[in-house]
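Q: I would like to learn how to read a structure like this one. Please show it, and then let us go through its features in turn.

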Amino acid sequence: MHEPSTTERSRQRWAAMAIAALCALVALSLYDRRADERTLRAANEAGAAGDYREALRLARTLTEGTTAADARYVEAQVRLRQSRFAEARTALEAAIRERPSDWRARRDLAGVLLFLGDRSAARREYARALAQNPRQEPLPVFTEPRDR
């Protein structure tokens, strides 16, 4: 059996260190994601309990990654509960920019647009939401004949 040269041993050590560093990065990423998920859950719970200030504070700390769209959605739900529809619209549009496939945000944006009086934009957004999730229950307001 041949003895590895100094160069080969050095390469093996570097490869082992690189693998260890990669594993550490993956573990750190998973930890951050779990922490973000806990923060998101706490924001949802605060909003459901009526503590809107805390819900918004928590949601605003989540600005990156997959939870950012969820955080904007939580913010929109809080704004809807506060009847602050223009701010809910802004938060829903931000959620959709973060995650264009979020049919819930599109559905809720359609409702906000309808409330704000932009019926044609509401219909377009609702059509997009239905295209993304055809199994959702159609909302009667969008299935009624147009502008009676």
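Q: With which residue does Arg79 form a salt bridge, and how far apart are the closest N and O atoms?

A: Start with the general idea. Side chains of opposite charge can pair when their charged atoms come close. The rule here asks for a side-chain nitrogen of Lys or Arg within 4 Å of a carboxyl oxygen of Asp or Glu. Arg79 meets that rule with Glu87, the closest N and O atoms being 3.1 Å apart. One caution: this is a predicted model, in which local features need pLDDT of at least 70 and side-chain atom pairs count only at pLDDT 80 or more, while totals for chains, interfaces and linings use all residues. Residues are numbered from 1 along each chain as its sequence is written, and side-chain values use heavy atoms, with hydrogens and water left out.

Q: Is Arg79 buried or exposed?

A: First the scale: buried means under 20% relative accessible area, exposed means over 50%, and partly exposed lies in between (1.4 Å probe, protein chains only). Arg79 is buried, at 6%.

Q: How many salt bridges does the rule give?

A: The count is 12. One of them joins Asp102 and Arg99, at 3.6 Å from N to O. Asp102 is buried at 4%. Arg99 is partly exposed at 23%. Another joins Asp108 and Arg107, with the closest N and O atoms 3.0 Å apart. Asp108 is buried at 15%, and Arg107 is partly exposed at 24%.

Q: Which residues are linked in a network of salt bridges?

A: Asp70, Arg99, Asp102 and Arg104 are. Arg104 also lies over the face of Tyr73, at 4.1 Å from the ring centre. The test for that has two parts: NZ of Lys or CZ of Arg must be within 6 Å of the ring centre, and within 35 degrees of the ring normal.

Q: How many helices and strands are there in the chain?

A: There are 7 helices and 0 strands. Both are DSSP runs, numbered from the N terminus: helices are H or I with at least four residues, strands are E with at least two. From the N terminus on, the order is α-α-α-α-α-α-α.

Q: Which residues touch the most other members of the largest nonpolar core?

A: In soluble globular proteins, nonpolar side chains tend to be buried together. A nonpolar core is a set of buried Ala, Val, Leu, Ile, Met, Phe, Trp, Tyr and Cys residues joined through side-chain atoms within 4.5 Å. The largest core has 17 residues, and Leu92, Ala105, Leu109, Val112, Leu113 and Phe142 touch the most other members. Helices α3 (66-81), α4 (85-98), α5 (103-115) and α6 (119-132) each give two or more residues to this core. The most come from α4, with 6 residues. A second, separate core has 7 residues, including Leu40, Ala59, Leu62 and Ala71.

Q: What does Leu113 touch, not counting residues up to four places away in sequence?

A: Contact means heavy atoms within 4.5 Å. Leu113 touches Arg89, Asp118, Ala121, Ala122 and Glu125. For the chain as a whole, take the contacts with a separation of 6 or more: residues 24 or more positions apart account for 40% of them.

Q: Which residues of helix α2 are buried?

A: In α2 (residues 52-60), Ala55, Leu56, Leu58 and Ala59 are buried. They lie on the same side of α2, because they cover an arc of only 165 degrees around the axis. The arc is that of the directions from the helix axis to the C-beta atoms.

Q: How many aromatic pairs does a search of the whole structure find?

A: A pair of aromatic rings is described by the distance of the centres and the angle of the planes. Rings of Phe, Tyr and Trp (its six-membered ring) pair if their centres lie within 6.5 Å; planes under 30 degrees apart are stacked, over 60 edge-to-face, and the rest tilted. The search finds 1 pair. Phe85 and Phe115 are tilted, at 4.0 Å centre to centre and 40 degrees between the planes. The pair links distant parts of the chain, with Phe85 in α4 and Phe115 in α5, 30 residues apart. Phe115 is exposed, at 55%.
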